[in-house]
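Let's take a look at this one together. Have the sequence and the 3D view ready, and follow along as we go.

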Amino acid sequence: MNVKKRHNMTKVLKPATVFFSSLLALFAIAAPFADQTNAQVRPSTPVVNPPLPSQQQPPIATLTPSQGTVGVKLMNKTGADIVYQVIGDTRVRTLRGRSEITLQALKTPVSLSFYRRDRGFLLVSPKVPTTAANTIELTLTETTDFATDKTALTIESDGEVYLN
């Protein structure tokens, strides 16, 4: 090979070698950061979805929704105020001691939360009246038993009722 051809080849190869060496160095620097980014994206614990109420316990009652709606009658037999809310439907409300209220035309599914304002425990006795198959009556009385305390009612679209 003559000197002129070797000199021309060196002119071509030298910039290409510098370019590829630079790329290799860039990848060597960036690779550890890519691993750290992936490590940060992965959750440290698996995501767990809680089971639906129907998978946790049997329903306490089954209503027959009327055009997709149900009613809930709350009868407060305690001397304490009860705070309640139909989640996504009503704001927080108070039911005075020894009073009652009927919530009508609640679109299913329904989630109702309630508790005694004085933070005492509630015993909830459900009843589906024979005259209104789309309504459930909840009699709320005082209890000292933590194990029987209930604070939430769920009514599924198919009318199944769960008390927690």
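## The aromatic pair

There is one aromatic pair in this predicted structure (ring centres of Phe, Tyr or Trp, the last by its six-membered ring, within 6.5 Å; planes under 30 degrees apart are stacked, over 60 edge-to-face, the rest tilted). It's made by Phe121 and Phe146, edge-to-face, at 5.6 Å centre to centre with 65° between the planes. Phe121 belongs to strand E7 (residues 121–127) while Phe146 is in the loop between strand E8 (135–143) and E9, so the pair ties together parts 25 residues apart in sequence.

How accessible are the two? Phe121, at 26% relative accessibility, counts as partly exposed, and Phe146, at 62%, counts as exposed (buried is under 20% relative accessible area, exposed over 50%, partly exposed in between, using a 1.4 Å probe and protein chains only).

## A charge over a ring

Now find Tyr115: Arg119 lies over its face, 4.1 Å from the ring centre (the rule is NZ of Lys or CZ of Arg within 6 Å of the centre and within 35 degrees of the ring normal).

## The sheet

Six strands build an open, antiparallel sheet, ordered E1-E10-E9-E6-E3-E4 (strands are DSSP runs of E, at least two residues, numbered from the N terminus; two of them pair if DSSP finds at least two bridges between them). E1 (61–62) and E4 (93–95) are at the edges with a single partner strand each, so one side of each has no neighbour in the sheet.

Zoom in on E6 (residues 110–116) and E9 (residues 152–155), an antiparallel pairing over four bridges. Here Val110 stands opposite Ile155 in E9.

## About the model

This is a predicted model: local features need pLDDT of at least 70 and side-chain atom pairs 80 or more, while totals for chains, interfaces and linings use all residues. Residues are numbered from 1 along each chain as its sequence is written, and side-chain values use heavy atoms, leaving out hydrogens and water.
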